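I opened a new page for this chain. My plan is to look up a few residues and then the whole.

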Amino acid sequence: MKTIDPRHYDIIIAPVVTEKATFASEHNKVLFKVAAKATKPQIKEAIEKLFDVKVKSVNTLVRKGKTKVFRGHFGSQSDSKRAIVTLEEGHRIDVTTGL
C-alpha cells in the first residue's frame, strides 16, 4: 500500500464539474479547486500522488468573489483558486464517477 502525505488532501479541495470542465476533459485536462496558497509544483505533486497519473502542466487562476446586495446589506463571496491540470497522453482522471 502506498503512503500518501496528508498535506496533499489540504492542497486539492475538490474537482470542478462544469460545462467548461467537461469540454476541457476532451483535451486531457481536469479542473480542480485548490488551496489559495498552493503553488504549481505542490499541485502537480499532489495530483500525481493522489490519482497515480503523470501531469504535463498546471495552470492556475483566481476567481474573484461576486459582490451581492440582499435587503440593503452588502456581502461578497470569497475568492477561489482553481487549477487546470493537463495530463500526459495515456493518463486519465474521471471526476464524474463517485460523486
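In which strand is the place of Lys-81? I found Lys-81 in strand β6, residues 80-87. Strands here are DSSP runs of E with at least two residues, helices are runs of H or I with at least four, and both are numbered from the N terminus.

Before going on, I noted that this is a predicted model, in which local features need pLDDT of at least 70 and side-chain atom pairs count only at pLDDT 80 or more, while totals for chains, interfaces and linings use all residues. Residues are numbered from 1 along each chain as its sequence is written, and side-chain values use heavy atoms, with hydrogens and water left out.

Entry on Lys-81. Buried means under 20% relative accessible area, exposed over 50%, and partly exposed in between (1.4 Å probe, protein chains only). A salt bridge needs a side-chain nitrogen of Lys or Arg within 4 Å of a carboxyl oxygen of Asp or Glu. I did find the side chain of Lys-81 reaching the backbone oxygen of Ala-38 at 2.6 Å. Leaving aside neighbours within four places in sequence, Lys-81 has contacts (heavy atoms within 4.5 Å) that include Phe-32, Val-34, Ala-38 and Leu-61.

Entry on salt bridges. How many salt bridges does a search of the whole structure find? I got one. Arg-7 and Asp-5 meet in a salt bridge through their side chains, at 2.5 Å from N to O. Side chains of opposite charge can pair when their charged atoms come close. Arg-7 is exposed at 59% relative accessible area, and Asp-5 is partly exposed at 25%.

Entry on Phe-51. I placed Phe-51 in helix α3, residues 40-51. Phe-51 is partly exposed, with a relative accessible area of 35%. Not counting residues up to four places away in sequence, Phe-51 touches Phe-32 and Ile-93. I also looked up Tyr-9, which is 42 residues from Phe-51 along the chain; their C-alpha atoms are separated by 12 Å.

Entry on the whole chain. I listed three helices and six strands, in the order α-β-α-β-α-β-β-β-β along the sequence. The C-alpha trace spans about 55 × 30 × 25 Å along its principal axes. Of the 99 residues, 28% count as buried. Among contacts between residues at least 6 apart in sequence, 59% join residues at least 24 apart.

Terms used: A polar contact is a pair of N or O atoms within 3.5 Å; within protein, one must be able to donate a hydrogen and the other to accept it, and residues adjacent in sequence count only if both atoms are side-chain atoms.
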